[in-house]
Amino acid sequence: MQLYNTLSAKERAALLEEAGEDRLTLSFYQYAKIGNPELFRNHLFIKWDELNVLGRIYVAHEGINAQLSVPAKNFGNFKEFLDGIYFLENVRLNIAIEHDLKSFLKLKVKVRNKIVADGLNDETFDVRNKGVHVAAEKFNELIEDPNTVLVDMRNHYESEIGHFKNAITPDVDTFRDSLDIIEEQLKDHKEDKKLVMYCTGGIRCEKASAYYKHKGFKNVFQLEGGIIEYTREVNEKGLENKFIGKNFVFDHRRGERITDDVIANCHQCGNPCDNHVNCENEACHLLFIQCEECAKQMDNCCSTECQEIIKLPVDEQKALRAGSHNSNKIFKKGRSEKLKFGK
């Protein structure tokens with residue numbers, strides 16, 4: 001019984017190109033009590049591997065958080081499978097605005113302590129006492145209210161390339177960093193202001209809204225389905241789009257174009273640009289913003305040091321990174337001192 005990937009990302013990419021089938025990129029989440037996450041994880045992997053589903057899925061005792069790429073021809077079977085799981089029946093699926101054949105190249109279903117790393121002790125507050133969910137039209141009304149404080153619950157590298165007009169965009173690297181910072185910044189407005197939050201697909205606001213209500217905020221709202229669902233609604237209903245720029249996404253696309261506005265800059269030359277890339281040096285892999293001109297000059301690297309390393313023979317590159325862990329550098333997300341125009 002196959003429970004893990006047997007193909008490399010390169011091999012999978014070649015197969016996807018050869019097949020040339022339409023694929024849908026989507027995401028969903030659900031908080032639920034899962035008694036045996038490992039057993040549930042295996043159940044998902046077996047079925048989704050049969051359907052040629054690819055993606056990154058986190059399963060925990062508290063629920064599931066999934067970003068996926070599904071063959072269009074298999075979507076009906078995929079949806080039927082979800083509906084057969086009692087807590088996933090009719091779960092909202094956030095369908096991407098832009099689809100890419102290679103948005104995901106592997107199927108990874110992992111068991112985690114939490115489906116979002118929030119750093120909170122859920123035993124200390126009622127996670128079910130969430131804020132009011134609002135759709136696009138009501139959201140637009142709320143954020144025009146002078147008594148509203150609009151907060152972006154995403155990280156700096158996400159809001160850097162796109163955000164709602166007049167939103168507070170915390171300069172943080174992780175979701176858990178933002179929670180206390182936002183509470184401190186808004187501590188004098190717990191009763192007299194409406195706290196309206198948004199994120200990519202809604203999952204971060206689910207926990208944050210309950211946490212802030214526990215902390216004494218009286219009027220808490222969250223954007224239903226996040227930026228993804230908001231964009232779909234404003235397009236379908238002809239509503240005013242109050243989001244500017246790109247929506248950062250956690251797959252190989254790195255972003256979905258929502259408006260033509262480019263509000264970020266290349267981290268190397270400072271020219272307008274909002275394309276995230278990873279450094280070509282696998283021992284670095286830093287996520288940063290790079291324009292096409294700098295990509296040519298720097299061989300898709302973040303620094304001259306990395307540029308020199310990728311020119312070495314492959315065996316020497318492997319020897320240099322043997323035993324090293326680069327996750328800390330990756331999650332600096334554009335804060336490297338090597339980037340002149342980075343944060």
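Visitor: Which residues do ring pairs link into a cluster?

Guide: The model is a predicted one, and the structure holds 16 aromatic pairs. Ring pairs join five names into a cluster: Phe139, Phe164, Tyr198, Tyr230 and Phe243.

Visitor: How far apart in sequence are the parts that the pair of Phe139 and Tyr198 ties together?

Guide: The rings of Phe139 and Tyr198 lie 6.5 Å centre to centre, with 85° between the planes, and the pair is edge-to-face. Phe139 belongs to helix H4 (residues 136-144) and Tyr198 to strand E9, so the pair connects parts of the chain whose separation in sequence is 59 residues.

Visitor: Which helix holds Tyr230, the residue paired with Phe139?

Guide: Phe139 and Tyr230 also form an edge-to-face pair, at 5.7 Å centre to centre and with 70° between the planes. This pair links distant parts of the chain, 91 residues apart. Phe139 is in helix H4, while Tyr230 is in helix H8.

Visitor: Is Tyr230 buried or exposed?

Guide: A residue is classed as buried under 20% relative accessible area. The relative accessibility of Tyr230 is 0%, and Phe139 likewise has a relative accessible area of 0%. Tyr230 therefore counts as buried.

Visitor: In what order do the 4 strands of the parallel sheet stand?

Guide: Strands E6 (132-134) and E7 (148-152) are at the edges; each has a single partner strand, so one side of each lacks a neighbour in the sheet. Strands E9 (residues 194-198) and E10 (residues 219-223) pair in the parallel sense over 4 bridges. The sheet is open, and the order is E6-E10-E9-E7.

Visitor: Which residue in E10 stands opposite Met197?

Guide: Strand E9 covers residues 194-198 and pairs with E10 over 4 bridges. The residue in E10 opposite Met197 is Gln222.

Visitor: Where is Arg254, and what is its phi?

Guide: Arg254 is placed in the loop between E11 and E12. Its relative accessible area is 23%, which means that Arg254 is partly exposed. Although Arg254 is a residue other than glycine, its phi is positive, near 70°.

Visitor: What is the phi of Asn300?

Guide: Asn300 lies in the loop between helix H9 (292-297) and helix H10 (304-309). With 35% relative accessibility, Asn300 counts as partly exposed. Asn300 is not a glycine, yet its phi is positive, at about 65°.

Visitor: Which residue lies over the face of Tyr58?

Guide: A charge sits over a ring if CZ of Arg is within 6 Å of the ring centre and within 35 degrees of the ring normal. Here the distance from the ring centre of Tyr58 is 4.3 Å, and the residue over its face is Arg112.

Technical notes:
Residues are numbered from 1 along each chain as its sequence is written. This is a predicted model: local features need pLDDT of at least 70, side-chain atom pairs count only at pLDDT 80 or more; totals for chains, interfaces and linings use all residues. Side-chain values use heavy atoms; hydrogens and water are left out. Helices (H or I, at least four residues) and strands (E, at least two) are DSSP runs, numbered from the N terminus. Buried means under 20% relative accessible area, exposed over 50%, partly exposed in between (1.4 Å probe, protein chains only). Two strands pair if DSSP finds at least two bridges between them. Rings of Phe, Tyr and Trp (its six-membered ring) pair if their centres lie within 6.5 Å; planes under 30 degrees apart count as stacked, over 60 as edge-to-face and the rest as tilted.
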